[in-house]
Amino acid sequence: MSRRQGELDALVATGYKSALTEERRRYCFLVDRQCCVTKLLINYHSKVRELLSQKLSSWQQSCSQPTKLPERALNLLRHTAPQSPGAAGIAEVLRHAKLGTAQPEQVRSCVVYIKPDSWVDSADKTT
């Protein structure tokens with residue numbers, strides 16, 4: 001009887017050890033997945049931090065004088081202003097474009113490519 005009790009105790013101990021090992025394996029898998037997600041979030045936030053840190057000074061500088069238009073906007077205004085008495089101004093072209101009555105030559109006369117300034121990202125230069 002004691003021999004059978006010893007075998008039963010050994011079987012219970014083996015099953016208990018097997019269950020603990022399986023639980024530990026599953027726990028480690030979950031912790032590993034959480035660590036991967038955490039590393040990705042840390043990487044993402046560090047890249048965003050770098051990007052925002054680079055842009056922050058230029059944003060603060062551009063907002064230091066809220067009544068002064070940037071040079072790029074002034075260039076756009078200069079290029080879209082009517083060059084001749086019969087040419088359409090930008091407000092008129094936009095109004096006609098909203099109404100769908102703009103003539104193709106009016107729209108073409110106001111579309112001017114302006115070279116991007118140095119503060120524009122390379123992603124912006126492709127558009």
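Reply: Let's begin with a term: the bend at a residue is the angle between two axes, one fitted to the seven residues ending there and one to the seven starting there. In this predicted model, helix α1 bends by about 35° at Lys55. Helix α1 covers residues 2-62. With 61 residues at 1.5 Å each, α1 should span 90 Å, and its end C-alpha atoms are 88 Å apart, so the two values agree.

Now for the charged side chains. Side chains of opposite charge can pair when their charged atoms come close. The salt bridge count here comes to five. Among them is the pair Arg3 and Glu7, with the closest N and O atoms 3.5 Å apart. These two residues sit four residues apart in α1, about one turn of the helix. Glu7 also forms a salt bridge with Arg4, where the closest N and O atoms are 3.2 Å apart. Together, Arg3, Arg4 and Glu7 are linked in a network of salt bridges. Arg3 is exposed, at 57% relative accessible area, and Arg4 is exposed too, at 53%, whereas Glu7 is partly exposed, at 38%.

Further along, Glu22 forms a salt bridge with Arg25, the closest N and O atoms being 2.5 Å apart. Glu22 and Arg25 are three residues apart in α1, so about one helical turn separates them. Glu22 is partly exposed, with a relative accessible area of 30%.

Finally, have a look at Leu8, which also lies in α1. Leu8, Leu11 and Val12 make a nonpolar surface patch of about 300 Å².

Methods:
Residues are numbered from 1 along each chain as its sequence is written. This is a predicted model: local features need pLDDT of at least 70, side-chain atom pairs count only at pLDDT 80 or more; totals for chains, interfaces and linings use all residues. Side-chain values use heavy atoms; hydrogens and water are left out. Patches are made of residues with over 30% relative accessible area and no salt bridge: like charges are joined within 9 Å, nonpolar side chains (Val, Leu, Ile, Met, Phe, Trp, Tyr) within 5 Å. Accessible areas come from the Shrake-Rupley method with a 1.4 Å probe; for residues, only the protein chains shown count as cover. A salt bridge is a side-chain nitrogen of Lys or Arg within 4 Å of a carboxyl oxygen of Asp or Glu. The expected span of a helix is 1.5 Å times one less than its number of residues. Buried means under 20% relative accessible area, exposed over 50%, partly exposed in between (1.4 Å probe, protein chains only).
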